[in-house]
Amino acid sequence: MRYLIAILLMTLSFSAFSGTTTCDGCASYVARAKSLGAGTHYVVDRTAGVVVKYNVVRRCEGSRCVYEATSMPVEQAVRDYVNYVKQNGNKPINLGPGQGYPNNGYELVEYPQMNPAVNDYLINHASSIVNDIKRFLSALGPSLQFDASVFPMTVLVVMSDGSTALFQWNKDLGRWDRVKGQTKDSSGNIVPETLADVAPPGTTTVYYFSGNMTNYIYLISRLHMLGVTFRGDAGSAGTPIVCVTDPETGQVICRAG
């Protein structure tokens with residue numbers, strides 16, 4: 001009997017880990033599940049809006065062990081939630097001017113105290129989305145190990161000048177939070193939040209304005225505020241701004257393109 005138990009323990013080895021992971025646009029969901037070790041794993045591809053589920057076991061023959069994954073059916077409640085987010089995520093919601101709301105993306109990033117006002121607006125003007133997402137989240141229930149936070153519900157807030165910002169539903173706090181690094185001005189430029197955002201090391205970031213003087217002025221002001229070094233003339237709204245990070249000094253340098 002002891003011999004049989006020992007063989008069984010060597011053949012099948014489970015871990016306590018079970019949960020949800022992401023694999024956006026990856027080559028193999030199975031490989032991703034196996035990389036997590038033994039357990040039951042949901043794998044979510046947020047790009048494709050796909051969720052799959054695997055039971056992974058560790059099998060050993062002598063000193064050689066491998067992980068094997070068996071596909072499992074995804075619960076209806078999980079599929080319903082993912083399909084809802086996939087079909088309704090990033091829905092544009094227009095934000096009116098004034099009343100403490102940001103008029104553009106630069107104001108929203110520079111004054112974080114405006115975020116609660118945007119949350120209140122969304123709570124009141126996107127109540128159907130809030131009610132729907134709460135219903136789908138409630139249906140998941142505590143018995144399922146699917147973590148909905150890896151595939152959150154998002155809406156696209158459109159400010160009065162055409163700037164946009166992505167907000168996602170915080171299921172734990174019951175509010176809309178702005179997604180960092182996803183606020184754009186009306187010319188389509190990402191509004192940098194920190195100096196590192198201006199031009200990540202190893203990359204060249206080009207800001208275009210298409211003659212939009214307002215965005216040009218706001219960005220130049222934002223770059224100065226973050227401590228960017230300008231080389232030569234900053235140009236005008238008719239020319240782009242090109243920014244790089246010096247690999248040796250780490251200094252962020254911008255110039256007219």
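This is a predicted model: local features need pLDDT of at least 70, side-chain atom pairs count only at pLDDT 80 or more; totals for chains, interfaces and linings use all residues.
The largest nonpolar core comprises 37 residues. Within this core, the residues that touch the most other members are Val-78, Tyr-81, Leu-140, Phe-146, Phe-167 and Trp-176. Two or more residues each are contributed by strand S2 (39–45), helix H3 (76–88), helix H5 (115–125), helix H6 (127–140), strand S6 (154–158) and strand S7 (164–170). When residues up to four places away in sequence are not counted, Val-78 is in contact with Tyr-42, Val-51, Leu-140, Leu-144 and Phe-146.

Aromatic pairs number 7 in the structure. In one of them, Tyr-101 and Tyr-121, the ring centres are 5.3 Å apart and the planes stand at 80°, so the pair is classed as edge-to-face. Distant parts of the chain are linked by this pair: Tyr-101 belongs to the loop between strand S5 (91–94) and helix H4 (105–110), whereas Tyr-121 belongs to helix H5, and the two are 20 residues apart. Tyr-101 has a relative accessibility of 13% and therefore counts as buried, the limit being under 20%. Tyr-121 is likewise buried, with a relative accessible area of 13%. The rings of Phe-209 and Tyr-216 also form an edge-to-face pair, because their planes are at 90°, with the centres 5.5 Å apart. Both Phe-209 and Tyr-216 are buried. A charged side chain is placed over a ring at Phe-136, where Arg-135 lies over the face at 4.8 Å from the ring centre.

Four strands form an open sheet with mixed pairing, in the order S9-S11-S12-S10. The edges are taken by strand S9 (204–207) and strand S10 (229–230); each has a single partner strand, so one side of each has no neighbour in the sheet. The partner of S10 is strand S12 (residues 252–256), paired with S10 in the parallel sense over 2 bridges. Across this pairing, Thr-229 is opposite Ile-253 in S12. Helix H8 (residues 213–226) packs on the sheet and touches S9, S10, strand S11 (241–245) and S12. The direction of H8 makes about 20° with that of S11.

Notes:
Residues are numbered from 1 along each chain as its sequence is written. Side-chain values use heavy atoms; hydrogens and water are left out. A nonpolar core is a set of buried Ala, Val, Leu, Ile, Met, Phe, Trp, Tyr and Cys residues joined through side-chain atoms within 4.5 Å. Buried means under 20% relative accessible area, exposed over 50%, partly exposed in between (1.4 Å probe, protein chains only). Contact means heavy atoms within 4.5 Å. Rings of Phe, Tyr and Trp (its six-membered ring) pair if their centres lie within 6.5 Å; planes under 30 degrees apart count as stacked, over 60 as edge-to-face and the rest as tilted. A charge sits over a ring if NZ of Lys or CZ of Arg is within 6 Å of the ring centre and within 35 degrees of the ring normal. Two strands pair if DSSP finds at least two bridges between them. Axes are lines fitted to C-alpha atoms, for helices over the stretch in contact, and angles run from 0 to 180 degrees between N-to-C directions.
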